[in-house]
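Me: I would like to go through this structure slowly and ask, each time a term is used, what lies behind it.

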Amino acid sequence: MDGRTLVGAFRDGGGKNGMSELVRLTDVTKVYQGGITGALNGVSVTVEKGEFTAIMGPSGSGKSTMLNLIAGVDRPSSGTVSVGGTLLGKLGEAGLARFRRDHIGFVFQFFYLLPNLTVLENVLIPAQLKGNVAPARARELLDQLGIAEVANRYPARLSGGQQQRVAIARALINKPTLLLADEPTGALDTRSGDQVMELLGGVHREGQTILLVTHDAKLATRHAARVISVVDGKIVDDARLDSLERAPSEVIRVRGEEASR
Amino acid sequence: MRAIFVKTLADLRRRRLQAAVIFVTTLLAVATGTMALTLIAQTRDPYQLAFEAQKGAHLQVGFDNRIDPSTLVGTPALIGASAHAGPYRATDMQFQSGGHKYAVTTIARDNPGGDVGQLRITGGHWPSSGTEVALTRSFAELNHISIGDRLKVVSVPQEPVLTVVAEVVDIDELRADVGGVQHAWVLGTAIAPLTAKDASFYLMDYRFASDPTSAQLQARMNTLRASVPPDSVTSSINYLFVRTVFHVSTEILTGVLVAFSVFALAATAAIVANLVTGIVISAYREIGIMKAVGFTPLQVIGVFVFQILVPAAAACILGIPAGTILSQPLLASNSQALGLAYQPTFSPALDVLALAGALLIVAIAAVIPAFRAGRLKPAVVIANAAAPRGNSGRWLRRLASRARLPRPIVLGLGEAAARPVRATLTLLAIVLGVATVVVALGEARSFNKIYTYEGHIGKVDVVVAKSPALADSDATQLINSQPETTRLVAETTATITVPGIADPVTTLGFRGDSAALGYLLSPGRWFNGPGEVVANRGFVQDAHLNLGDTFTGTVHGQALKLRIVGEVFDFTAGPGGHVLMLDWSTITAAVPNLTPSSYMVTLKPGSNVDAYVRRLAAAQPDLLDVQANSTGNTAFLTVIAGVLFGIAGVVALIAVAGVFNTLLLSTRERVRDTATLKTLGMSPRQVIGMVATSAGFLALLGGLVAVPGGVALYRVLFDQLSSLGGNITPLAFYDVFAPWELIAIPLAGIVVAVLAAIVPGRWAARTNVVEVLHAE
């Protein structure tokens with residue numbers, strides 16, 4: 001455990017570069033299978049509004065668990081998770097659903113589009129669950145993402161890259177406070193993956209806070225301003241690439257060393 | 001083979017809930033089917049057994065007392081009877097017991113044996129003195145009269161008292177609970193003091209070497225009538241009529257049971273097919289792995305079929321004995337009515353038939369969808385965890401979207417129609433369930449309506465039976481003097497001989513405003529003057545007469561010219577029976593000294609019926625039997641309604657299981673979609689709403705089909721059942737559903753379906769997003 005990085009994460013959490021804290025994990029532990037497997041072990045970290053943060057780590061490191069806890073689709077075994085000042089542990093299932101609907105956009109590795117809905121219907125779902133009708137915004141998003149022409153098609157007739165763009169549009173329809181992307185390029189070829197990451201970068205440049213989970217260090221360092229490395233349920237590195245403190249190559253090297261332990 | 005069993009057992013352990021659904025639905029269907037089979041197989045036998053054992057009479061004929069009884073001794077040879085009994089002297093007698101008065105036909109008979117119509121003594125001993133009487137057991141039980149009870153005979157002025165010393169079973173009589181005047185027996189020397197003036201007649205029992213047909217019986221009656229003085233034959237009854245009436249309740253029950261059993265089995269087959277389809281759809285990868293490790297297509301099919309057959313066989317093992325046991329009370333009641341020693345009926349052949357039939361139906365329902373599993377290519381199915389998603393609900397979803405319905409409802413509607421085969425099979429189960437409820441409700445109400453109609457319920461408040469010892473004028477004056485009396489209709493019974501009709505026709509003569517009794521006529525109208533008569537359909541058909549036709553009947557030797565002005569709906573005549581109804585003036589023109597046997601009294605609105613009854617009865621305690629008018633013995637109705645609603649409940653329960661099963665399959669199949677929706681912000685309540693919408697929509701569709709279908713089926717079935725009484729049922733008896741009920745029934749179906757959706761809905765709402773999406 002890199003104690004310096006952990007302390008740094010808290011120290012800087014008050015509003016670096018004029019940004020305010022959006023996500024705070026405090027001493028979060030997550031244990032699966034009756035305590036046999038620890039997915040997260042006492043993790044504390046904050047994410048600020050407007051950041052493009054990558055959580056990086058090998059398979060089973062706990063990075064997706066972190067994302068799930070922040071999204072409120074899972075609950076920590078101990079510790080607290082707060083997003084936008086809301087303590088998620090205090091919310092019931094319905095409250096968490098409302099929280100996700102209002103504040104979270106989720107992009108999955110396998111897209112998880114609803115196969116029996118058209119592209120446009122898929123994008124509209126989160127807005128409709130809120131009781132909103134936003135076809136204009138949905139079409140605008142599809143247009144921005146370059147898939148306006150497939151609006152009335154069903155997911156099965158789209159390429160992987162197109163499906164992931166639809167998923168991004170769906171994640172953005174409610175103008176979420178936080179966009180979570182779990183290995184968004186994991187099921188795509190390199191070209192499509194690059195396009196998706198470019199899109200996410202563009203969204204970030206427009207002010208969207210993004211938390212990206214990936215096992216690909218190059219991908220993380222190329223697009224994210226901050227890279228948190230997780231291994232065996234612990235944060236082993238927290239590098240801000242935009243501060244000149246750490247070079248991307250160094251992050252990649254650290255990540256490689258931690259992974260090989 | 002071992003691999004199939006190992007895999008089957010493992011799948012059964014994994015799919016316990018689905019196995020439970022199969023078990024419950026098969027259990028209910030098999031129990032119902034076994035009940036029906038047992039009743040069908042066993043109901044004819046007891047009567048036939050008793051008829052042979054007691055040497056039942058094929059034909060019983062009543063003769064006027066003016067005939068010389070010695071001339072009757074030659075009649076058996078005349079009509080080719082192989083044996084006979086009688087002539088017995090008989091009389092209509094009224095007696096009082098426990099505050100009630102009863103009318104019976106008392107027959108002089110010195111012993112219960114003989115060549116024809118033996119009486120089986122089930123309790124006590126045959127009368128040995130002039131003060132002892134034997135009653136039929138069904139009559140004694142129905143009216144709570146026991147051996148040792150003393151009966152005061154009120155139809156003769158001396159009012160002698162008889163002691164009940166025996167209960168007997170008479171195979172030649174109608175059961176007391178289905179109507180008809182019952183017999184009582186006294187010694188030959190005891191009949192005279194019990195006979196009122198001009199109230200005696202003779203009875204002859206005839207038995208033939210082989211069971212005659214209806215036509216043969218009619219021909220023999222014609223011969224008989226021609227051989228005796230005109231109008232000497234006053235009544236007759238044959239074994240076909242008695243047997244039909246005896247079986248009528250059982251036939252109605254078995255008819256309903258068979259129809260509902262077919263429904264239950266069809267619904268079960270639909271559920272099984274649905275379930276196997278669902279399992280195959282969700283187990284694509286598993287099927288691929290099975291094939292990859294060496295299962296042949298036939299073995300794959302075997303695994304799917306066996307995991308259905310195991311719970312189904314377990315259900316049969318319980319359901320068949322349960323059905324057999326449940327059918328026993330009715331069989332026991334039949335046996336008891338016939339005086340047979342009831343023995344529980346277990347037919348191994350029947351049980352094997354039920355077992356084989358049920359398993360065959362279930363196996364066929366399972367094999368058809370399981371073939372799909374057998375045909376799948378391993379490489380393809382391993383690559384796909386499940387079958388391609390059903391997308392057939394798009395049009396419905398779009399329609400709902402345009403209607404701006406909330407998204408969970410739109411998604412639920414789409415889901416309901418996503419897999420057309422699944423939706424169709426579920427709809428079939430719902431339609432059968434709802435239709436059965438409609439049929440049960442309709443039948444029960446129609447039967448009730450018939451009883452109400454026959455009993456003039458709502459039109460007559462009090463029925464007064466008069467002893468022959470009391471003058472008509474005195475009785476009429478007494479009733480009319482009561483301040484509450486607003487209408488009094490007197491009724492008498494006579495028999496009229498009609499050309500072309502073998503038996504003398506029971507004729508009801510009315511005095512007073514008889515039109516107000518509310519008899520239904522179709523076609524035609526109620527009589528409104530001398531010479532006009534209404535007849536039941538059986539009479540019109542058998543006499544080959546039409547509305548407006550005139551015929552000449554004979555009563556007490558007097559010719560009576562009658563014109564048919566209406567066809568009356570009447571159940572009391574029984575299957576193939578005949579009845580005429582006419583005005584008092586018509587019948588008394590031929591029989592001037594005829595007096596009413598009863599009076600139907602209508603009271604002023606708001607009158608205290610009980611007080612009226614008590615007051616009137618107290619005025620003539622021995623000579624009047626005063627009763628508040630009610631449906632009387634409704635045991636038959638209670639049994640019918642109990643069976644109807646019991647089985648309708650069973651089929652409805654199977655339908656609910658079908659909905660539950662479908663939702664279970666759908667929610668499990670779409671677990672990833674549900675997890676995704678939850679991630680996108682769908683709340684638990686919205687998830688439950690989505691699942692409930694699916695169920696509710698299917699129930700709504702099912703209801704829309706089932707209600708008109710059920711009403712149509714009810715009409716067909718009721719036509720069949722009412723035709724047992726020889727009638728074409730008037731439309732009024734079909735008017736048993738209020739419009740709001742026809743709306744409420746499908747709505748209730750929706751409520752039940754939504755309730756059935758709660759468990760799968762909650763299960764879906766509790767989907768662990770992390771586990772589900774991580775599993776991908």
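Me: Is the crossing of α12(B) and α13(B) right-handed or left-handed?

Reply: In this model, which is predicted, the crossing of α12(B) and α13(B) is right-handed. A crossing carries that name if the near helix is turned clockwise from the far one by less than a right angle.

Me: Why are α12(B) and α13(B) called roughly antiparallel to each other?

Reply: The axes of α12(B), which covers residues 394–402, and of α13(B) cross at roughly 160° and come within 7 Å. Angles over 145 degrees count as roughly antiparallel, and α12(B) and α13(B) are therefore described as roughly antiparallel to each other.

Me: Which residues of α12(B) and α13(B) meet, and what classes does this contact have?

Reply: From α12(B) come R394(B), L396(B), R397(B), A400(B) and S401(B), and they meet I409(B), V410(B), L413(B) and G414(B) of α13(B). By class, the contact of α12(B) with α13(B) has five nonpolar, two polar and two charged residues, where Gly is counted among the polar ones.

Me: What makes α20(B) largely enclosed by the rest of the structure?

Reply: A residue is called buried if 20 or more other C-beta atoms lie within 10 Å of its own. Nine of the nine residues of α20(B) are buried, so this helix is largely enclosed by the rest of the structure. Among them are V671(B), A675(B) and L677(B), but also R672(B), D673(B) and K678(B). After α20(B) comes G681(B), whose phi is positive, near 115°.

Me: How many residues of chain B are in contact with chain A, and which helix supplies the largest share of that side?

Reply: Two residues are in contact if their C-beta atoms lie within 7 Å, and 23 residues of chain B are in contact with 21 residues of chain A. On the side of chain B that touches chain A, at least two residues each come from α13, α20, α21 and α24, while the largest share, five residues, comes from α20(B). Sorted by class, this side of chain B has seven nonpolar, eight polar and eight charged residues.

Me: What percentage of chain B counts as buried, and how many helices and strands are there in the chain?

Reply: Of the 776 residues of chain B, 53% count as buried, and the chain has 24 helices and 20 strands. Taken along the principal axes, the C-alpha atoms of chain B fill a box of roughly 100 × 55 × 50 Å.

Definitions and conventions
Residues numbered from 1 in each chain as written. Chains lettered and ligands numbered in written order. Predicted model: local features only at pLDDT ≥ 70, side-chain atom pairs only at ≥ 80, totals over all residues. Helix = DSSP H or I, 4+ residues; strand = E, 2+ residues; numbered from the N terminus. Axes fitted to C-alpha atoms, helices over the stretch in contact; angles between N-to-C directions. Parallel < 35°, antiparallel > 145°, perpendicular 65-115°, else oblique. Buried ≥ 20, exposed ≤ 12 C-beta atoms within 10 Å, placed from the backbone.
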